[in-house]
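Here's a walk through the model, one chain at a time. Keep the viewer open while you read.

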Amino acid sequence: MKNYYSDLDRRAFWKTGVVAPSHLTVPEIYQKKWEIGPDQKIGTAGSCFAQHIARHLTQNGYRVLDVEPAPRGLSEVQHAAFGYGMYSARYGNLYSARQLRQLVEAAFSDDPRPFLIWEREGRFFDAFRPTIEPNGFLSRDEVIEARRYHLRCVRRLFLEVDVFVFTLGLTEAWVHKESGQVVPLAPGIVAGEDRAQDYEFVNFSYGEVEADFRAVMQMLDDLRGRKRPLRYLLTVSPVPLTATASGQHVLAASTYSKSVLRAVAGWLCETCDNVDYFPSYEIITNPAARGTFFESNLRSVMTEGVEVVMNAFFAAHPPRLRREETGQRPTEVPANEDVQCDEQMLEAFGR
Amino acid sequence: MKRLCFLGNSHVAAVRAALNDMRVEGGLAGVEVDVFGSQRNSLRTATVRNGVVGSSSAFVQKNFRWTSGGMSEVEIARYDEIIILAGISVFSSAHYQAGTDLPMISSGMADAIITHHMEQDWAIGLARLIAEVSGSVQVSFVGSPLISVDSPRAQKFLAQYHDRDTGVGVRARNLRTMIDRSVVARSAGNFRMKAPPADALEDSGFFTRSAYCKGSMLFKPEVDAQHPGNDFVHMNAQYGRLLLQDALG
């Protein structure tokens, strides 16, 4: 007897799509919407899991932009500590869609809102990217100058990029009460302990996350014009929350957060031709993997898990660089511990 | 009697040329100046032992004898100041540039870059070893000259430097102040890093004026000829004169 499920592919059924195949391959989990051409410029941003994607894309011959590269004399060992080489510009981790929206607004408008600077032991920190200067800046003026230069680079990025890969990480954030601006880390973790009363907790809803991302798309569409539409490749970070300030159990809070982000990514992909969704979240949290892609802290994704994710990606978007053809040594992809996750600092506060 | 020693690679040629001129002019009364040079990185073989800078390399020994007028080793305690003219100056913009751009360098980043360079540069390492031998001998690391304003890299840099829209001018001036500050902070005991003579540098402080590069001489005993016109790294006798005047204070 025929029914609506009779002619569906194996990938449509749990038994043949998830249980039967190895969790190391998950065939056909991703079907791309469009090609990423060899000449297309890729921009990357998002929560720390996005660093894996950025690095593997670069290693495999994709043209990933770095509009804010490190000065030549800075030791490579220190690049990540100064926020270099993590993403296409030195913005650090952008965990929420609101952070991305703020960044684009700040880069392209005369944002009248105050520039938030934190202080610790006589050093100064850019509250919007508090971890990009390991010991803080010497003065407020230096923070402002660095920020101005950074925003200049960000403008260039969003005007040049063809495909923007963004990994949604969190819905929880800290908002500056007076200006409504969010910061990636709660005040007091890196610096700004004395300003803690100026901030309040927010847990963004589905509607807010969607509205923030659509606002980004609209702004960039307006700036770039119809001739150069920007494509977005969205992913959701499979890394659970380190801690929650929501009052919920961290497991429930994490599930809520990821669910909202996954739903927004799915809906944007469903409704916008220029948005695609890549299921890195599903590959890592696949029940068939039985949690084996996570490190012993049950949060960090093991190198093997990242490999499976990237193999799924490259199955759809083949590597652009054939090492044996070019004779070039592949760029070494740094190990897991080189990925900078600011929120891991929260663990220090865990009991 | 003040005793000066210039130790370096081909860049000591500028000092040798200046010395010849100044001796003729009688401008070095009460000063004794020795020059020890050996081409390119051959000086990497130099060692500091028993109060002398020497080398097991016959090539270096031969060059030392040629440039100093017979000495194959540098007897450290013999001098009031030893000036090192090899290795890369911390004042070179190359350390701080990213591609052709000069990004915004914070003071913390400038410090990190200078620290890294001091750890990596063999000539700075040699200078510090020499300084450890005798606290009464001032050791000044000047390094190789900053490249000429005529070089393509300098031209690109300066085009941005003078274009207000790029912000490079402001960033470069701030950077220069930070390097000066960092260098002063790192001067400990009898070791210091010095910028090339101020008069030799163009406005930004990161390149050598064209006049000090033109007509620089090859550093070869058997050849008396100038560097080709597209050599932007070697300087002439006028530059050497500024180095000497700087050292004589």
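In chain A, residues 24 or more positions apart account for 74% of the contacts with a separation of 6 or more, a contact being heavy atoms within 4.5 Å. Before going on, some housekeeping: this is a predicted model, where local features need pLDDT of at least 70, side-chain atom pairs count only at pLDDT 80 or more, and totals for chains, interfaces and linings use all residues. Residues are numbered from 1 along each chain as its sequence is written, chains are lettered from A and ligands numbered from 1 in the order in which they are written, and side-chain values use heavy atoms, with hydrogens and water left out.

Chain A has nine helices and 10 strands; these are DSSP runs numbered from the N terminus, with helices being H or I of at least four residues and strands E of at least two. Its radius of gyration is 20 Å, close to the 20 Å that the globule rule gives for 351 residues, so chain A is as compact as a globular protein of that length. (That radius is taken over C-alpha atoms, and the rule is 2.2 Å times the number of residues to the power 0.38.) Along the principal axes, the C-alpha trace of chain A spans about 70 × 50 × 40 Å.

How much of chain A is buried? Of its 351 residues, 51% count as buried, meaning under 20% relative accessible area with a 1.4 Å probe, protein chains only. Ser300(A) counts as buried, at 18% relative accessibility. Ser300(A) and Asn93(A) are 207 residues apart in sequence, and 15 Å apart in space, C-alpha to C-alpha.

As for charges, chain A carries 40 positive and 46 negative ones, and their mean positions are 4 Å apart. Here Lys and Arg count as positive and Asp and Glu as negative, leaving out His and the chain ends; each charge is placed at NZ of Lys, CZ of Arg, CG of Asp or CD of Glu.

Now over to chain B, with its seven helices and eight strands. The radius of gyration of chain B is 18 Å, close to the 18 Å the globule rule gives for 249 residues, so chain B is as compact as a globular protein of that length. Its C-alpha atoms fill a box of roughly 55 × 40 × 35 Å along the principal axes, and buried residues make up 56% of the 249 residues.

How values were computed:
Buried means under 20% relative accessible area, exposed over 50%, partly exposed in between (1.4 Å probe, protein chains only).
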